[in-house]
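This report describes selected features of one structure, shown below.

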Amino acid sequence: SHTDSAGDTHVRIETDRELPFTVQDTRVWGSADYNSFAKIHAGDLAAGEVVAVEVALRVLNEGDRSPATVEVDFGEELFAIDGFGGNYCFQTHSPVTDFTLERLNVRWIRTEASLDLWEPINDNDDPGETSWGAFRENLANDVELERDFEMARKAAERALPWIISAWHPPGWMCADPAQDRWAHAREIPRENWPELIENVTSYLLAVREYAGREPDMFSFNEPDYGVMLHLTPEDHRDLTIALGRAFEAAGLSTKLLLGDVTNARGTHTYCQPTVEDPQARQYLAGVGFHSWGGASADEYRAWRELAESLELPLLVTEFGVDAAAWRTRAYDTYYYAMQEVGMMQDILTHARPRSTMQWELTADYSIVDEVAGQLVPGTRMRMLAHYYNLAPTPSRGVSAASSHEAVRATAFVDENGAWSVHLTNHGAGREVTIGGLPPGQSVLARIDDSEGTRDIEDRPSPEGRLTLALPAQCICTVRGG
């Protein structure tokens, strides 16, 4: 058994047999957690031998059920938001891709440019002369490359803001050509940059021919960390200038995305050399970061201030909690779903982006379940749909202040008066009273928790207040107008 230092939280771990346990205090690494390890077997295991243990976890305390209030001010407009989007980069051939496109109000799209498949060997020795026959042959003979172009066509057809990002540079351009295409932190010597610029420019021209339009922005994925191409901050600046000039000369309207970095934790400084260069700034169309691992309110605000200083939209180009969740499919859990909607609230409150792009809306990190051979929305899709389908788009984010640390709130209103208030309750069940609503107007409240979805129709009081009983660990959206 374990009781926290304040005596508030009591947890009991029971196993079906006696086991040695070790408890690790992780505060030394800046965490607020304890890890508990149990040895379930000692020594070697024979082939096929199975070792198992039954574990029961019980939280013995009742938890804080104190009521909360949320005060909304629809007159205090804070930021513009286009709506919510998604990544359609990997496993785009799965039926999950069309399933999410049809059922979610997707407002931004990010797709992949497989630059290494586009030019697996050098088309010729002159980066100023493109051998189109070689590129078209590559497209005709590579299934994965064809899927990239088909996804680009779907993005183009929707006439939505669209980003193409590159993960894999052509290996033959890199300092170590023998590395696996999934190797991190690959480097392209500057003497090979003309070949890289030809590669990217020709790819975008081919996309325009195939899909009917070019993307709004191009980026290299997570260049700060190198997934897979590593660029120094100065490289990022200089390639922004070189690619911007090349796109302009080729008649492409595509601009560059600033950043597109691995996380939001102090990484805005990576963009500084580009921001300080007037030549580079003219080729930018947006500012992007990835949300993996989360960030503090101040770190999110730093990104907001950077975008505001450039008068460019801030975009969360990969929205997700744990970049390693694919290893254990941790993203299939209810706990992960609640982490996601909580992170969404934090980002909307402090970063105020124009859009967030879910990683992903395909079969990769899928938010869709398969039941009896049929695709159905999973828990994460139901919860995320509160933002995609219940928030008016485009709209303005407005002031929404919560009195309780377990209850987070965001609110939106559009030019026609349609509005929504989104609540997440990260603690025990409690009553939440929302103030500042249009009085007497019929509203619909949708609640999603571990038990499923339910809708409640109600009317705020003449004072514009509405009280709801929210279950533990849930998301609730109230909308009207």
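Arg 110 is buried, with a relative accessibility of 0%; buried denotes under 20% relative accessible area, exposed over 50%, and partly exposed in between (1.4 Å probe, protein chains only). The side chain of Arg 110 forms a salt bridge with that of Glu 318 at 2.9 Å, N to O, where a salt bridge is a side-chain nitrogen of Lys or Arg within 4 Å of a carboxyl oxygen of Asp or Glu. Because Arg 110 belongs to strand β8 and Glu 318 to strand β13, the pair ties together parts 208 residues apart in sequence. Glu 318 is likewise buried, at 4%.

## Basis of the model

The model is predicted: local features need pLDDT of at least 70, side-chain atom pairs count only at pLDDT 80 or more, and totals for chains, interfaces and linings use all residues. Residues are numbered from 1 along each chain as its sequence is written, and side-chain values use heavy atoms, with hydrogens and water left out.

## Barrel architecture

Eight strands form a closed barrel in the order β7-β8-β9-β10-β11-β12-β13-β14, with parallel pairing (at least two DSSP bridges between two strands). Strands are DSSP runs of E with at least two residues, helices runs of H or I with at least four, numbered from the N terminus. Strands β12 (residues 284–290) and β13 (residues 314–319) run parallel and are joined by four bridges. Phe 289 has Val 316 in β13 as its bridge partner.

## Further salt bridges

Arg 153 and Glu 150 meet in a salt bridge of 2.1 Å, N to O. Both lie in helix α4 (residues 143–157), three residues apart, which means a separation of about one helical turn.
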